[in-house]
Amino acid sequence: MKKEYIFLLIFALSYNIFSAQSFMNGMQNSAPLKIFTKKKTPERFTGSPYIDDSFLSAQINDGERSMSAFVRYNAVEDVVEVKIDEQNSEIYTLPKLKKIKYKLKDYEIFIDQFTDSNGETVNGYMLDYFSNQGVRFLARPEPDVVPAQPARTGYDKDKPAHLKVDMVYYLQKNGGRLEEVRLREKDFKKILSDKEKMNAYFDRNKIKNEEDVVKMLKFYTE
């Protein structure tokens with residue numbers, strides 16, 4: 001039943017691409033979303049192109065339909081891979097549309113386009129860890145691809161491509177530009193100092209990971 005449903009979902013979304021493109025090209029307040037697909041994952045490599053190698057349970061939603069599936073994000077190709085069943089070998093990819101979101105336990109994968117504090121465009125798939133009261137904590141997975149290197153001498157060996165994924169974190173307030181942050185208290189102090197209660201919070205708490213940031217932002221927006 002799930003397999004039939006995802007085929008219907010893919011068909012419906014693919015069919016709607018044409019109307020979405022027509023809308024973006026012909027209607028007001030609808031600039032096209034420019035998404036740049038990265039290079040293909042090399043056939044032989046060390047490391048990983050994924051933020052998590054495993055397929056994780058997720059809820060896929062396009063605003064009208066919703067279904068459970070298993071997903072993982074390939075940062076090199078900038079695509080979300082989908083399995084209907086965790087043990088099933090068939091892998092699907094849905095169209096790269098704003099309306100399609102993938103809700104996992106700790107974050108939501110979505111696609112959009114932003115401007116950062118330097119005026120640079122940030123686009124493609126992003127992770128939404130927290131969105132409330134006009135405050136968003138987002139992350140953009142950035143792939144680091146070291147190309148394969150052939151052996152230089154007869155004593156050396158060929159080196160396959162090496163892949164890893166770094167996370168670039170952003171904080172956004174009231175729909176403004178993205179402010180890049182590191183997982184350190186001082187980066188958040190600069191942006192959240194408008195509320196006096198945060199001074200005491202930072203004195204008592206450390207920021208080491210995404211979970212700490214979410215906890216902090218919940219306190220900030222209370």
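Val-146 is partly exposed in this predicted model, with a relative accessible area of 35%. Its place is in strand S8, which covers residues 135–146. Leaving aside residues up to four places away in sequence, Val-146 touches Ala-161 and His-162.

Zooming out, the chain has four helices and 10 strands. Read along the sequence, these elements follow the pattern α-β-β-β-β-β-β-β-β-β-β-α-α-α. Of the 222 residues of the chain, 39% count as buried. As for contacts with a separation of 6 or more, 53% of those in the chain come from residues 24 or more positions apart.

Two loop residues have backbone angles worth a look. Gln-133 is found in the loop between strand S7 (121–132) and S8. Its phi is near 55 degrees, a positive value in a residue other than glycine. Gln-133 counts as exposed, because its relative accessibility is 58% and the cut-off for exposed is over 50%. Then there is Asn-174, in the loop between strand S9 (161–173) and strand S10 (179–181). Here too phi is positive in a residue other than glycine, with a value near 50 degrees for Asn-174. At 66% relative accessibility, Asn-174 counts as exposed.

Next come the rings. The structure holds eight aromatic pairs. In one of them, the rings of Phe-110 and Phe-114 have their centres 6.2 Å apart and their planes at 90 degrees. That pair is edge-to-face because its angle of 90 degrees falls in the range over 60 degrees. Both partners are tucked away from the surface: Phe-110 is buried, with a relative accessible area of 3%, and Phe-114 is buried as well, with 10%. The rings of Tyr-201 and Phe-202 also pair up, with centres 6.1 Å apart and planes at 85 degrees, so this pair is edge-to-face too. Tyr-201 is buried, at a relative accessible area of 5%, and Phe-202 likewise counts as buried, at 5% relative accessibility. Elsewhere, ring pairs link Tyr-107, Tyr-129, Phe-137, Tyr-169 and Phe-188 into a cluster.

Tyr-201 and Phe-202 turn up again where two helices meet. Two packed helices are described by the angle between their axes and the distance between the axes. For helix H3 (residues 197–204) and helix H4 (residues 210–220), the angle is about 155 degrees and the axes are 11 Å apart. That makes H3 roughly antiparallel to H4, because the cut-off for this label is over 145 degrees. H3 passes H4 in a right-handed crossing. On the H3 side, the contact is made by Lys-197, Met-198, Tyr-201 and Phe-202. On the H4 side, Asp-212, Lys-215, Met-216, Phe-219 and Tyr-220 take part.

Some residues in that contact are also involved in placing a charge over a ring. Lys-197 of H3 lies over the face of Phe-219, at 4.6 Å from the ring centre. Tyr-220 of H4 has Lys-195 over its face, at 4.4 Å from the ring centre.

Key:
Residues are numbered from 1 along each chain as its sequence is written. This is a predicted model: local features need pLDDT of at least 70, side-chain atom pairs count only at pLDDT 80 or more; totals for chains, interfaces and linings use all residues. Side-chain values use heavy atoms; hydrogens and water are left out. Rings of Phe, Tyr and Trp (its six-membered ring) pair if their centres lie within 6.5 Å; planes under 30 degrees apart count as stacked, over 60 as edge-to-face and the rest as tilted. Buried means under 20% relative accessible area, exposed over 50%, partly exposed in between (1.4 Å probe, protein chains only). A charge sits over a ring if NZ of Lys or CZ of Arg is within 6 Å of the ring centre and within 35 degrees of the ring normal. Axes are lines fitted to C-alpha atoms, for helices over the stretch in contact, and angles run from 0 to 180 degrees between N-to-C directions. Angles under 35 degrees count as roughly parallel, over 145 as roughly antiparallel, 65 to 115 as roughly perpendicular and the rest as oblique. A crossing is left-handed if the near helix is turned anticlockwise from the far one by less than a right angle, and right-handed if clockwise. Contact means heavy atoms within 4.5 Å.
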